[in-house]
Each structure stands twice: as C-alpha cells, then as structure tokens.
There are 2 protein chains.
Amino acid sequence: MQSRLPTLSDVARCAGVSYATVDRVVNDRGGVAEKSVIRVRKAIDELGYVRNVAAANLSQNKTYRFAAIIPTGTNQFFQQLRAILEAERIRLLADRIDLRIEGIAAFDGEALCERLDILSQTGIDGVALVGTDDDIVAQKIAELRSAGIAVLTLVSDAPNAPRDAYIGIDNRVAGQTAGRLIGLCHGGAGGRVLPIVGALSAPDHAERLEGMRETVTALYPDLDIAPVIIGRDEHEIVENKLRPIFKNSHDITAVYSVGGGNAGLLRVLRSLPDGQNRPIVVLHDIVPQAREALEDGVIDAIIDQRPEVEIANALSCLRSIADRRMPDVTDPILPTVYFKENLPPPGRDSSVRPGHTVNGTASGHASKSRILKEIDQ
Amino acid sequence: MQSRLPTLSDVARCAGVSYATVDRVVNDRGGVAEKSVIRVRKAIDELGYVRNVAAANLSQNKTYRFAAIIPTGTNQFFQQLRAILEAERIRLLADRIDLRIEGIAAFDGEALCERLDILSQTGIDGVALVGTDDDIVAQKIAELRSAGIAVLTLVSDAPNAPRDAYIGIDNRVAGQTAGRLIGLCHGGAGGRVLPIVGALSAPDHAERLEGMRETVTALYPDLDIAPVIIGRDEHEIVENKLRPIFKNSHDITAVYSVGGGNAGLLRVLRSLPDGQNRPIVVLHDIVPQAREALEDGVIDAIIDQRPEVEIANALSCLRSIADRRMPDVTDPILPTVYFKENLPPPGRDSSVRPGHTVNGTASGHASKSRILKEIDQ
DNA sequence: GGCGATTTGATAGACGTCTCTCAAAAAAAG
DNA sequence: CTTTTTTTGAGAGACGTCTATCAAATCGCC
C-alpha cells in the first residue's frame, strides 16, 4: 500500500477550493477571504499535508551563494575548519548551495572588510566569518546586513556587530568545564593551576579563563590559580615563559591552555625530569599535535568545540536566514570533553567508522553497488 | 552574476552527445560505447556537474517507508529516544520519508518478530530496532534482508544477525572512558570502584564493564574493583543491594553504573550520612533523573551516547541502503562526557539555544516573518 | 554491399511546487 | 440598480531529472 502523500492539489480538492487559492494561502500571497483560509488550513491538517521540499526547491531553482572567510596561517584549528568546509562543498552543491571558501590574514580587520566588499559585489546571499572585536568590522557587517546579506559569526563572536547569529560554543561554559575537570582530577587535594592564554583581548580566550577561574574558586577552594601566562598563541613565547616556571617551582599541579601555541607547552612537558610529577593538563581543540599528546599520555583531556557541527549548523542557519524563515532547531554546540579513550578517529575522510558498522548484502540485489565493508571493533 | 549550475543538458552539449546518452551514462543503463562514456565523464568533470538531488527525488517521487521499533516501558532512555523520533517525523515527511514508530515490550524477542512480520507485510523499505542476543530475532532479520528490507540495529547490536549496520556507540570505549575518568578523579590516591550493571547477558552492559575494568587495571593499579552489583535495571533491586554495602564498609571511592535503575543508586547516595564522603559517581545517558543528580552535585559525570545523533545517522543510513548507494560518511558516534557545567539544556523542543545566538533584522526585509529572538548567555 | 547488432538521437510525459496572467464570480460600495 | 473592489478559478510554463519509446545512424562481419 504505497499510499501517496497528499499534494497541494489534494488539499484544494479537500477544501473545495481551487489550487490557486490554496497556493495563495500557503505562500502568504494575501487576497484570500478568511473563511477560505480556514477551510484550507483545515484541509491541510486533515490530510496531514507536508510541503515537498524537493519540489519546492526545484521549482524555485534557487542557488544559494554563501561564503566562508577563514583565517589563514599556521593555526591548526583553522586549517582543520577549512578542510571540513572543502569537504562539504560537493555535498552542498548537490543541494544547490554554492559555497566559496576564502582565506584572509588572521585578526586583520581591514583585510576582512576589503574581502567582504568584494564578495558583496559578486552577489552572495550570506557569509560566515570568524568574529573579531573591531569597529570597522562591525560597521561592515551592518552594511552587508542592510544590503540583505546574512552574516554569521563563527567560532568567535564580533561584539557589538549586528550579525544575524553567532555559531560557536559558549566559551565561559568551556572554561567552567575545564575548571570542573581540573578540580575533579585533584581528588580533594590542594594544588595550583597555571592558565595559558593567547591574549586577554581575544574575547573567547578571556571568557574561557574567566569560566575556569569561576568554577575553581567556587568549588575547589583548595586550589589556587597562578598568574596567567600570555603566549600570543606562539609556541616559542609559550615555551620561553614556561621553562623557568617549571624549573624553579614544583608546585604547579595543573595547566589549562585556552588557545594556541601548545607546541611550546608540549615540549616543556615532554622534557620534564622523571622525578617531577607531570601536572594535569587540559587543552582546547583536537588538532594533530594535541591528539598525539593525548595519545602519548602527555596531556589528560581536550575540550573540543566540534567544528564539523559548527559548520553544519552555520550552513543550515545561513540557509534559513536566506529563505527568511525560522532557523531549524539545531542542538546547541556544547564543549565536549575527550580523553585518550574516546578520542574521535583522525581524518574526516577516513573510511573507518567505529560507531557505524556496516554489513554486506547477504544474498540478492545483484545490480549496482552495495556496501561491502565490515569494520568490527 | 548568478551563474546557473550546470545541468545534464549542459553536460550533453559540452560532451557533444545527446541528453539520452548522458542519461545512459550517469544512470548506468549500459549500451554506451566506451568513447562516449569517456567524453561524458570528461564533460562532467570540466563543468563541475553535480546532480540536483531535489530534481532527482522529485522525478522519482519515491516515498521511503521506514519503521523504528523501540522498547516501551519505564526506561527513561528509550522514552527519550521515542520522543526524538516523534519530533523528527514531520521534518522527515517534508523529505518524503514516512517513519512509523512502533513500541514493543523490552527484550521480548517473540513480540519483536511478530511485529516485524506485520511490518514487512505492510511494505516497508527499512527498519531500525534495538538489537538483542536472540536466535529467532537473528533469523527474522535474515528473512527481512532477503526480502529486500534494510535492517539496522540501534543502540544495541544483535550478535550474529545479518543486519545491514549497527548504529550506536562502541560500548567498550564507553567503559574505558569511564575508567579513565574515575582514575583521574582519584588524583593518584588509591580506592575501590563499585560497578553496577543491569545484566551481564546484555552485550552493551558487559562491554562497558569490561572496558572500565581494562582501563582501571592497566592504568590505575592503586584502584581495585569491587564485586559487580547486578541490578536488573530496577531501582528497588539496586537500592536493596547497595544499602548494606555503603552501611557496612566505607571504602567505596567510586561507583560506575552502566545501565538503568539509577533511581535506587541516587536514593542511597542522597541519604549518605554527612560524615561519609560521597564516592565519585559516573552514570550513562542523560535522562531527567541523572540530569537532576548531576545538577545537584550528587553525581560527577554522565557518559552519553547522544541519541539524537544516533537517530540522524540511522535515518541517513537507512535511506542510503534503500537507495542502494554508499552510506553518507557520518562521523562516528563517540561516548561523550558531561559534567554539570557542559550539560546540554533539557528538552529537544526548547526554543532556547545557548550555542546559537540569533539577532533580529536591523532594518529592512518587511515581508514575511524573521527571527526576533535574542538569547544572550 | 548487405546483414544484423550495437549505439545514438530526439522527444515526450511525469513528479510537485512556484509564479504568472487573465477572466469570471462574488461581495461591497455607491 | 450599477459600479467598484475583492475574491476565486483555470491554466500555463518553468525548474532538472527519470523513464520510456522509436527511429536513425553507425559498426562489425561475411
């Protein structure tokens, strides 16, 4: 009984009106008498009509044109973000979404504005960018918005800018989670937590630090917090500032690094003398170096913002705004804690998917390819 | 420059062949000379042609008919799973996916088989069920498969059954993660871990226990593991078995409960005398009770399998198999660790979405509704 | 060159929705 | 009542793909 789902024509017949009237109702074209609207609505409810999005998209033949602007450079996290975006491109094209991926120098507000100008001239529907706290950027975002272009901030928000939405984790919550984890790991004993940030002027770094401080002081009064190391996300600076600290004093029991430049931290940790206890170490974002360190047992946990989820949400949100409808309800992105054991497998393109075991066909279904992989544990 | 994306007609023109030939190539109809195939492939590459899935779906006018069979009863996790499925129904209908949600008594293999029989007669394309270790179920799954119906196991696999795929977490990894977390929380001190399971015959419970044991014995030799409590997922049994243990001996420093019946555990924990230190407690799955306990500080962490992701992956996988194509690459589902701080907000239908701040329109865009919510912090 | 087999081209209808236009009907205003 | 305005109906064409049919062209082979 392959019962066909109801179409708008079915609704029209059921409501006793013409297709045109139904169309006027469902597409808000106006000029319909109240009683007709009610009859149509009732018919829709009765039949359980649901719009066929494939047909709707096809008829409009709209190609969404979006752009993502991601900082270039050596930052592994942003390289990863870019890789995820590239991988999504083809998939998106199938849904008639044309995604341009652009790179600019990190934290260069003027370059960002210039790029946005060029983009807006080529005609795009929406853009996602990594927000910075910068007046000219905020102003440019306002310009784009009033030109009808959707603007999202990704990973880091742009304070005071009238962006449509911010897609990213709550960095204060991330910091609180780190604080909780560090507190738990002390098992009731005292200790001293050393925070490392890139710059306090970066909103996300400041918020993470603040969140950690909040939780530790409130819940773990036996812990105190050492003066913050400012590493500018550069591994040499981090290393140079850390070496003397670990050499001269042995009271650091935990390290929380909120940003980049962790290569320096890891070098220091790996070179600690055998006698000296390694502190509890919590980092952010699963990048190759951090992954390796976790696998080696040099660090204890990574707090990740799941960039692939961020991107999926960002695109879904861009599309909703471009369509002028409510965004789909997506689950909020929460900072996620990874240990050595539940570290996700590397590489988004990996064919090995532990949480997803697939069998081959038992017998039939000769034509066309079917799945023939077996990946048990 | 709203450059239209290339269509199959464009490909035909570019390749210098007719539409019919291109169609024969892209849809594997055969009867095409090798040189033509090559020219078409080249044209597709050159133009960057990507099939318009909206058009493809529309032309086929196929309604996928899937079913999900979820155990009924008081188990909060399965109630949650069902709620997520219900919420997805409408969204799925828009994509012409007709999802039936069925309930059966938990762990009743015969009832399951009966239901599967009825379902297969009504004509469905695929079914997702919670696997059990049961021969008649395995046989029924084989029957369905050879009748051309896709079968997925969800949450718990069905050993020896020729299901198309298992969608769920690796329960051994979940147990290892729990072990790591418990180990870390002891901060190097010794202790004694008390495991609680529903039944050792349940594959997921056994695997979680085994994973925890593995990690604790390998990495935290100062911890030992107390005899396992078998609670049959029933809170009275759990409570009755736990009370004397906590009354008579005060050496339990951690509790790991792999399954249900946690209401009993929580009652015991809440009634511990003030003098007695509360052990580290790790549970599975964010259900209302567990959430509340985490918020109250009665337990320390919850390991979650993110049922909403499992369902999304299951549906995507069912669809892929029904289409006889490779499943989309989805990220594997990994057990996720939640503390009080990064606990996701309750209710899937909540309009408050912390990780997703949305602004109203600054000025224009009069027609139709737009988003007007501001949910900061 | 003639035969059969293989390969190609041309074309048409279907899917459900959107967007139009134009005329007809009904309702409200004078 | 007529006139104006509002509301409704009927229908056509487009979107890109799938599926089909039938005739025409090309090929291999003797």
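A residue is taken to be near a molecule or strand if its C-beta atom, placed from the backbone, lies within 6 Å of it. In this predicted model, local features need pLDDT of at least 70 and side-chain atom pairs count only at pLDDT 80 or more, while totals for chains, interfaces and linings use all residues. Residues are numbered from 1 along each chain as its sequence is written, and chains are lettered from A and ligands numbered from 1 in the order in which they are written.

DNA strand D is surrounded by 25 residues, the closest being A:S18, A:A33, A:S36, B:T7 and B:S59. Helices and strands are DSSP runs numbered from the N terminus (H or I, at least four residues, for helices; E, at least two, for strands). At least two residues each of the surface near DNA strand D are supplied by α2 (19–26) and α4 (53–60) of chain A and by α2 (19–26) and α4 (53–60) of chain B. The most, five residues, come from α4(B). By class (Ala, Val, Leu, Ile, Met, Phe, Trp, Tyr, Cys and Pro nonpolar; Asp, Glu, Lys and Arg charged; the others, Gly among them, polar), this surface has eleven nonpolar, eleven polar and three charged residues.

Around DNA strand C there are 26 residues, of which A:T7, A:S59, B:S18, B:A33 and B:S36 come nearest. Two or more residues are given to this surface by each of α2 and α4 of chain A and α2 and α4 of chain B. Here α4(A) gives the most, with five residues. The surface near DNA strand C comprises twelve nonpolar, eleven polar and three charged residues.

Chain A contains 13 helices and 13 strands. A residue is buried if 20 or more other C-beta atoms lie within 10 Å of its own, exposed if 12 or fewer, and partly exposed in between, with C-beta atoms placed from the backbone. Of the 377 residues of chain A, 43% count as buried. Two residues are in contact if their C-beta atoms, placed from the backbone, lie within 7 Å. Among contacts in chain A with a separation of 6 or more, 67% join residues 24 or more positions apart.

A nonpolar core is a set of buried Ala, Val, Leu, Ile, Met, Phe, Trp, Tyr and Cys residues joined through C-beta atoms within 7 Å. The largest has 126 residues, and A:V127, A:L152, A:I182, A:V282, A:L318, B:I182 and B:V282 touch the most other members. Helix α13 (residues 307–322) of chain A provides the largest share of this core, eight residues. Another core, of 40 residues, lies apart from it and includes B:V127, B:L129, B:I141 and B:A150.

In chain B, B:I104 belongs to strand β2 (residues 97–104). B:I104 counts as buried because it has 21 C-beta neighbours inside 10 Å. B:I104 and B:I69 are 35 residues apart in sequence, with their C-alpha atoms 6.9 Å apart in space. Beyond neighbours within four places in sequence, the contacts of B:I104 are B:I69, B:P71, B:T72, B:A111, B:L112 and B:R115.

Most residues other than glycine have a negative phi. A:N61, in the loop between α4 and β1 (64–71) of chain A, has a positive phi of about 45°. A:N61 counts as exposed because it has 12 C-beta neighbours inside 10 Å. B:V155 has a positive phi of about 70° and is found in the loop between β4 (150–154) and β5 (165–167) of chain B. With 25 C-beta neighbours inside 10 Å, B:V155 counts as buried.
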